[in-house]
Amino acid sequence: MDEKVIELKLCLDKLGGFRMDDFKERIALQKKIYLMQLSGLDLGYRFNWYIRGPYSPSLADVAFDAWNNKDLLDEICLEYELNQEASEHIDKIKDLIESKCPLEDDLEHYKWLELLASVHYLKHVAYLTDVNKENKNDLCQKIKSLKPFFTLEQIEVAWDTLNKWGLIKNKTLKT
């Protein structure tokens, strides 16, 4: 069994497991790994922008491989465990990944993860020429135009949540 498959399964097990037989669960898996990698645990997945935010085709391939071989993988993984460093990185970000949107209209969990990952990706990864990424209001408006099913309030709360976690970085010029 490929080491990437084992590694992914061990990480996802620490986050409560995974399913690939449900579209919402597949979205959540992509966003969990995106956010987990922000904690400093780089599993090597690279993401690009897609309809539901950051998406990694290679992650999808490995996750489907794990899902399609889950019985064998469960048996193989009995012989493995995450090292302490990996476990600590996951523990560090687990509360964010398990969090819910704090607004009363409470988004479904997979949508909240999509929003968190999308805000971070558009702020720090995407190449945007038509918006000042350093301006919260400008970027929130851009996200609203790309994802009109989220309210501006939800987008701002996601920004603020990421900021509290230290995941929103503002550029500062040193003179």
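**Salt bridges and a charged patch**

The count of salt bridges comes to 12. The model is a predicted one. Side chains of opposite charge can pair when their charged atoms come close.

Start in helix α1. Asp13 and Lys9 both lie there, 4 residues apart, about one turn of the helix. Their side chains meet in a salt bridge, 2.5 Å from N to O. Lys9 counts as buried because its relative accessibility is 8%, and buried means under 20%. Asp13, at 36%, is partly exposed.

Asp74 is partly exposed, at 39% relative accessibility.

Now move to helix α2. Lys24 forms a salt bridge with Glu108, with the closest N and O atoms 3.0 Å apart. Lys24 sits in α2 and Glu108 in the loop between α5 (84-98) and α6, 84 residues apart. Phe23 is also in α2.

Helix α6 (residues 109-124) is mostly covered: 13 of its 16 residues are buried.

Finally, look at the surface. Asp2, Glu3, Glu7, Asp61 and Asp65 gather there in a patch of negative charge. Helices α1 (3-14) and α3 (57-68) each supply at least two of the patch residues. Asp2 sits in the segment before α1 and is partly exposed, at 46% relative accessibility.

Technical notes:
Residues numbered from 1 in each chain as written. Predicted model: local features only at pLDDT ≥ 70, side-chain atom pairs only at ≥ 80, totals over all residues. Heavy atoms only, no water. Patch = residues over 30% accessible without salt bridge, like charges linked within 9 Å, V, L, I, M, F, W, Y side chains within 5 Å. Areas by Shrake-Rupley, 256 points an atom, 1.4 Å probe, with all protein chains shown as cover. Salt bridge = Lys/Arg side-chain N within 4 Å of Asp/Glu carboxyl O. Lys, Arg positive; Asp, Glu negative; His and termini not counted. Charge placed at Lys NZ, Arg CZ, Asp CG, Glu CD. Buried < 20%, exposed > 50% of the residue type's maximum accessible area, 1.4 Å probe, protein only.
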